[in-house]
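Subject: Handover of a structure and its findings

Dear colleague,

Please find below the structure that I am handing over to you.

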Amino acid sequence: MEEKISPHTVRYTVFVLVWAGLIALTWLTVKVAKTWSGALSVVSPLIIASVKTGLVLAFFMHLKYERRLIKIFCAAGIGIIIITAWLVYSDVLYR
Amino acid sequence: MDESAQAKTHRDYTGSKIGMWLFLISEVFFFFGPFLLYSVFRYRFPSEFSAGSRELDLFLGTLNTALLLTSSLFVAVSVSAVKRGNRNLAAFLLVLTVLFGLAFLFNKYTEWDARITGGVYPGSAALLQQGKGKVIFYGLYFFMTGFHGLHVLAGVVLMGFMAVFVMTGAVRQGDFIKLENSGLYWHLVDIIWIYLFPLFYLVS
C-alpha cells in the first residue's frame, strides 16, 4: 500500500513574503525596545517574538498544512509550558 | 518470482514526521527551563540585567537573527524545490544554509571572545566583583547561547549531509522526509534564537 506523501507544495513566493514579514518584525522589535520603557518594553518584544514564532511554525515548518494530530501535539506542548510557568511563578512570587 | 527482490524497505512518512515533531517539542521543554530561570532572575535583578544587556553587541545579535531567519527561508524553499524535482536549487540553498550557519557561529565566537578576554566569564574574579545579578545574567547568557550554538552546529552538520543527499538522490522527489525533518530541526533552532535575542540583547 503506497502511503500518500504530502501532496501540498508551498510556493516560493509565500516563503519569501513570510521572510520579509519576519525581517520587518525584527526591525520593529529593536525599535520598540529602544523607544519604549517600563512594563511595555518588557512584554512587547516577547509578543513580537511570539508572532514571529507563529509565522515560522505555520509556514516554514508547514504546520498550517499538517494533519490535526500534529497541531494538537504543539498545542499540548504550549499548554504544558504555560502550566509549568504558572507553577514556578506561584512558588517564586509567594516566597 | 524472487520474493526478496519484491520486498520494499518499509517507509512510514507520517510516522517519521510525527516522531520528529515530538522530539522538537521535547527540545522546547528543555530550553524552556533556562527561559524560566531567566524570567525569575530578571524580575529580581532588573537593573543588572539591563546593564548586562547593554554590554552585549546589538549589531551582531541583530545580524545573527537575520542570518538564521534567512537560512530558514533557504531551507523552506529547498524542501519545496525537492518536491518539484529541482535538485540543483535545493542543493545550492542547503549549501548557503551551511554557510549562514557557520557565519552565525563565527559571530557568536567573536562575541564570546570579547567577553572572555574582557575578563567576563562564569567564575571569573572580574565578574564575581560585579555582584549577583551580573553573575546570573552572564551565567545564563553563556549557558543559553552556548547550548543554542551547539544546536546550530549540529544543524549545520545535518544540512551539510542533506546537501550531499540531495545531490546523490538519497533525498529526492519521491522520498524527502529526511530533508523535511532536518528542516524542522533547523526552524526550531531559529525559533529558539528568536526568543533568545530579545531576552539578552533588548533589555532596556
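A crossing of two helices is called left-handed if the near helix is turned anticlockwise from the far one by less than a right angle, and right-handed if it is turned clockwise. Helices (H or I, at least four residues) and strands (E, at least two) are DSSP runs, numbered from the N terminus.

This is a predicted model, in which local features need pLDDT of at least 70 and side-chain atom pairs count only at pLDDT 80 or more, while totals for chains, interfaces and linings use all residues. Residues are numbered from 1 along each chain as its sequence is written, chains are lettered from A and ligands numbered from 1 in the order in which they are written, and side-chain values use heavy atoms, with hydrogens and water left out.

Chain B

Chain B has eight helices and zero strands. Its C-alpha atoms fill a box of roughly 80 × 30 × 25 Å, taken along the principal axes.

Axes are lines fitted to C-alpha atoms, for helices over the stretch in contact, and angles run from 0 to 180 degrees between N-to-C directions. Angles under 35 degrees count as roughly parallel, over 145 as roughly antiparallel, 65 to 115 as roughly perpendicular and the rest as oblique.

Helix α3 (residues 46–55) of chain B and helix α7(B) have axes that come within 8 Å and cross at roughly 50°; α3(B) and α7(B) are therefore oblique to each other. Their crossing is right-handed. In this contact (heavy atoms within 4.5 Å), the residues of α3(B) include Phe49(B) and Glu55(B), and those of α7(B) include Ile136(B) and Leu140(B).

Helix α7 (residues 132–168) of chain B also meets helix α8 (residues 177–201) of chain B: the axes come within 10 Å and cross at roughly 155°. These two helices, α7(B) and α8(B), are therefore roughly antiparallel, and α7(B) passes α8(B) in a left-handed crossing. The residues of this contact divide into 20 nonpolar, six polar and one charged. Here Ala, Val, Leu, Ile, Met, Phe, Trp, Tyr, Cys and Pro count as nonpolar, Asp, Glu, Lys and Arg as charged, and the others, Gly among them, as polar.

Helix α4 (residues 58–83) of chain B packs with α8(B) at an angle of about 160°, their axes being 10 Å apart. The helices α4(B) and α8(B) are therefore roughly antiparallel, and α4(B) passes α8(B) in a left-handed crossing.

Contact between the chains

The contact takes 50 residues from chain B and 49 residues from chain A. The area buried between chain B and chain A (accessible area, 1.4 Å probe, that two parts lose on being put together, summed over both) is about 4200 Å², of which carbon and sulfur atoms give 74%.

Salt bridges

A salt bridge is a side-chain nitrogen of Lys or Arg within 4 Å of a carboxyl oxygen of Asp or Glu. Over all chains, the whole structure holds six salt bridges. Between chain B and chain A the count is one, and there the side chains of Glu66(A) and Lys17(B) meet at 2.6 Å, N to O. Asp175(B) forms a salt bridge with Arg11(B), with the closest N and O atoms 3.7 Å apart.

Yours sincerely
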